[in-house]
Amino acid sequence: MITPKQRQFLRGQAQKLSPMLQIGKNGITKTVLQQIQWQINAQELIKISILPNSSVQAEELIQQVQEFDTQIQYVQDIGRMVILYKQAPQPSHRHLSLKVKQISR
């Protein structure tokens, strides 16, 4: 579980990111969930855009992603943009999580 200070830090880091994935008219499929998991395992922090032609809501996306991988943590959603975080399983990919851990609880 991330603290409010850690969440604030992650929101600041996410401002620099472009959306890595887009959810379209096909909605949330197993392939989309696998792609989210693959991206977040490599990047730790990802931004996902929900296109206007999609019937998916941000809350629905967050719920399904967290059911698929319980270690993925919600950071923020603004309109049709969702930001998610997970500590990378491989130590060589843990750049952001080292900074997050240093932030006082």
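Start at the turn. Select β3 and β4: they form a hairpin with two residues between them. Gly-79 sits in that turn, with a positive phi of about 60°. Strand and helix names here follow DSSP runs: helices are H or I of at least four residues, strands are E of at least two, and numbering starts at the N terminus.

Before moving on, note what you are viewing. This is a predicted model, in which local features need pLDDT of at least 70 and side-chain atom pairs count only at pLDDT 80 or more, while totals for chains, interfaces and linings use all residues. Residues are numbered from 1 along each chain as its sequence is written, and side-chain values use heavy atoms, leaving out hydrogens and water.

**The sheet**

β3 and β4 run antiparallel, joined by five bridges. Two strands count as paired if DSSP finds at least two bridges between them. Pick Gln-76 and look across to its bridge partner in β4, Ile-83.

Now select β2, residues 45–50, together with β4, residues 81–85. This pair is also antiparallel, with five bridges. Here Lys-47 has Ile-83 of β4 as its bridge partner. Move to Leu-45: Tyr-85 in β4 stands opposite.

Show the whole sheet. It is open, has four strands in the order β1-β2-β4-β3, and its pairing is mixed. The edge strands are β1 (21–23) and β3 (73–78), each pairing on one side only. From one strand to the next, the twist averages 25°. Axes are lines fitted to C-alpha atoms, for helices over the stretch in contact, and angles run from 0 to 180 degrees between N-to-C directions.

Is β4 mostly covered or mostly open? It is mostly covered, with four of its five residues buried. Buried means under 20% relative accessible area, exposed over 50%, and partly exposed in between, with a 1.4 Å probe and protein chains only.

**The helices on the sheet**

Select α1, residues 4–14. This helix lies across β2, β3 and β4 and runs at about 55° to β3. Contact means heavy atoms within 4.5 Å.

Next take α2, residues 30–43. It lies across β1, β2 and β4, at about 150° to β2.

Pick Gln-37 in α2. Gln-37 counts as partly exposed because its relative accessibility is 24%. Leaving aside residues up to four places away in sequence, Gln-37 touches Phe-68 and Asp-69. The C-alpha atoms of Gln-37 and Phe-68 are 8.6 Å apart, though 31 residues separate them along the chain.

Step on to Glu-44, in the loop between α2 and β2. Its phi is near 75°, a positive value in a residue other than glycine. Glu-44 counts as buried because its relative accessibility is 1%.

**The salt bridge**

Which side chains meet in a salt bridge? Select Asp-69 and Lys-86, at 2.7 Å from N to O. The rule asks for a side-chain nitrogen of Lys or Arg within 4 Å of a carboxyl oxygen of Asp or Glu. By this rule the count is one salt bridge. Side chains of opposite charge can pair when their charged atoms come close.

The pair links distant parts of the chain, 17 residues apart. Asp-69 is in the loop between α3 (58–68) and β3, and Lys-86 is in the loop between β4 and α4 (96–102). Asp-69 is buried at 7% relative accessibility. Lys-86 is buried too, at 6%.

**The pocket**

Finish at the largest pocket, with a volume of about 210 Å³. Select Met-1, Ile-2, Gln-73, Tyr-85 and Gln-87: of the twelve lining residues, these lie nearest its centre. The largest share of the lining, three residues, comes from α4. A pocket is an open set of points on a 1 Å grid over the protein atoms alone, where a 1.4 Å probe fits, with protein on both sides within 12 Å along at least five of seven lines; lining residues have an atom within 4 Å of a point. The volume is the space filled by probe spheres set on the points, which are joined across faces, edges and corners.

Met-1 is exposed, with a relative accessible area of 80%.
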